[in-house]
Amino acid sequence: MRAFGTMTTPKEAVLPVWAGSRARAIVAAMVDKRMTEDEVVSELKDGMTIGIGGWGSRRKPMSLVRAILRSDLKDLTVVAYGGPDIGLLCAAGKVRRAVYGFVSLDSIPLEPHFRQARQSGAIEFTELDEGAFYLGLLAASHRVPFYPTRAGLGSDMLVMNPDLRTVTSPYDDGEELVAIPAFKLDAALIHMNRADAGGNGQFLGPDLYFDDLFAMAADKTYLSTEKIVPTESLLDEGSVHTLRIQRIFTDGVVEAPRGAHFTECPPDYGRDEAFQREYAATARDPEAWEAFRSTYLDAPSHAEYLKALEARS
Amino acid sequence: MSSIAEATIDEICVVACAEAFRGDGEILCNPIGTVPIVGGRLARATFEPDLVYTDTVAVLPANNFPVGDPDAPKVVESWVPYRTVFDIVWSGKRHVLMGASQIDQWGNQNIAAIGDFRQPKAQLLGLRGAPGNLVNHTTSYWVPNHYTRSFVASVDVVSGPGYDRMRELGSPSNRFHEVRRVVSNLGVFDFQTDDNRMRIASVHPGVTVEQVIEATAFELAGTDDVVETRLPSDEELHLIREVLDPGGARKAEFR
């Protein structure tokens, strides 16, 4: 079921005949940003701050996350509305610091690998109110040092984050607010239902989450997508309101069908709950983790991963 | 005929959660957890028809529909992706009814971690939206397992600040703070005391005040002349059982 009514607009109905050919000419000139997962990872460096789009166990760029898992990258700061992306990166020892409001698998409320990392003290952490987190992305997107909010006053958010500062309103009210600093990202990874080769991204599910802000907040944004389509087909499956990632904010496009697996990616597919349960169970059992890792995470490409999935019965 | 005697604890708790929203009018009713969700929908279906509520994904359904059935038909009255939810939080037109792994006598809530947050004994959800919720709009809590490890003398992490923290914070930052009520499997609690200390508002039928005191690690106010939580009406029982939760999903929170 699709949250939006499909709005297919026959081109000839709205554009004069000459516009169609001109549109095609413009598309032909557009820069082609297609690349592979491994090419994306080769542009990342140790110690980088990397934002990951999606929310919990929803529309996460998992093929890109797995490419990081099988690379030599280390000491990453990962910024996300966290799900199995943070869990997997923690389990594989890639994370120096996690920045999050929560880390959850949705249908499994607590992310077991992330919990282990926190409980063993393996990672540094910046835990914020999840709305304040949005303002950190927004500040970075708008290139201002911070956005003010009431969120955090009175709670332990300021105790947990001694570097957080407050600001006083310069107006007559003089109200004190928390200044959420800009989350400057070296790179962002997002997953879209559709995109063109130039990096215009489209979400077809019920929620964009904050993927547009991740793209704007980052020096480099890499977008994976279920399907690369010609620019002139971007309105075939969704209305103009679904075209929320503009190519001026993207640097690479990776075609990855089922690229968000095992997280959900509606309307293309739902969450693979059985697979997610298997993943979660590996946190309690080192042997199960090794088997999971060698079967799925060590698959040398997304195509091989899909084959491993197919072999599941 | 009247099925009042047959109302079970989960149904009594659903109604107690619904009552949290009484008088709220036209705001976003945002319960989290099955019993609160059924309660919120019940309030909207009965005495608070102006409430809007979320489908817990991204829309506001205008019709009554059951929990736990993703295919139930929805009449969509608006779209509320997470970004809009945060905007609504900050606008103040929202009342959240959420869980608490720990809660203390001032209504401080913890859903973040058990033990020292630097290296917790048990990492829980994280702060989530609790810090922002509490300083922006009305909040209520649902605790399905009332015992001395959930009703604690002092929470390990303050996710949602209570009345002592708000007194310390002072005006004007505390002006939107209200912890309306706490519903547990034993009773209903509020902060209608001189110093906003938690008191017993009612105990559920069959529960004694002694049981509540025994299960609480701090001193509760209002232990004299305690009334019983009201029972669901026949109409409410019908709505809970036949319309809002025919699969009985609410019962799973009482294990």
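In this predicted model, strands β11(B) and β12(B) make a hairpin, with 2 residues sitting between them. The two run antiparallel and are joined by 2 bridges. At one point of that pairing, B:V182 has B:F189 of β12(B) as its bridge partner. On its other pairing, β12(B) goes with β13(B), again in the antiparallel sense, this time over 4 bridges. Here B:D190 stands opposite B:R199 of β13(B). Strand β12(B) is covered on both faces: B:G187 and B:F189 point to one side, B:V188 and B:D190 to the other, and all of them are buried.

At the β2 end, β1 (residues 28-31) of chain B pairs with β2(B) in the parallel sense over 2 bridges, and B:L28 stands opposite B:V52 of β2(B).

With 11 other C-beta atoms within 10 Å, B:E219 comes out as exposed. From B:E219 to B:R197 the C-alpha to C-alpha distance is 9.1 Å, with 22 residues separating the two in sequence.

Over in chain A, helix α5 (residues 84-91) packs against helix α6 (residues 112-119) at an angle of about 50 degrees, with the axes 7 Å apart. The two helices are therefore oblique to each other, and α5(A) passes α6(A) in a left-handed crossing. On the α5(A) side the contact is made by A:I86, A:G87, A:L88, A:C90 and A:A91, and on the α6(A) side by A:H113, A:F114 and A:A117. Sorted by type, the residues of this contact are 6 nonpolar, 2 polar and no charged.

The loop between β3 (95-100) and α6 of chain A holds A:I108. This residue counts as partly exposed because it has 18 C-beta neighbours inside 10 Å. Beyond its neighbours within four places in sequence, A:I108 is in contact with A:Q276 and A:A280. A:R277 is 169 residues away from A:I108 in sequence, yet their C-alpha atoms are 8.0 Å apart in space.

As for how the chains meet, 36 residues of chain A are in contact with 36 residues of chain B. On the chain A side, α6, α7 (130-142) and α8 (157-160) each supply at least two residues. The most comes from α7(A), which gives 4 residues. The chain A residues that touch chain B divide into 18 nonpolar, 8 polar and 10 charged.

How values were computed: Residues are numbered from 1 along each chain as its sequence is written. Chains are lettered from A and ligands numbered from 1 in the order in which they are written. This is a predicted model: local features need pLDDT of at least 70, side-chain atom pairs count only at pLDDT 80 or more; totals for chains, interfaces and linings use all residues. Axes are lines fitted to C-alpha atoms, for helices over the stretch in contact, and angles run from 0 to 180 degrees between N-to-C directions. Angles under 35 degrees count as roughly parallel, over 145 as roughly antiparallel, 65 to 115 as roughly perpendicular and the rest as oblique. A crossing is left-handed if the near helix is turned anticlockwise from the far one by less than a right angle, and right-handed if clockwise. Two residues are in contact if their C-beta atoms, placed from the backbone, lie within 7 Å. Ala, Val, Leu, Ile, Met, Phe, Trp, Tyr, Cys and Pro count as nonpolar, Asp, Glu, Lys and Arg as charged, and the others, Gly among them, as polar. A residue is buried if 20 or more other C-beta atoms lie within 10 Å of its own, exposed if 12 or fewer, and partly exposed in between; C-beta atoms are placed from the backbone. Two strands pair if DSSP finds at least two bridges between them.
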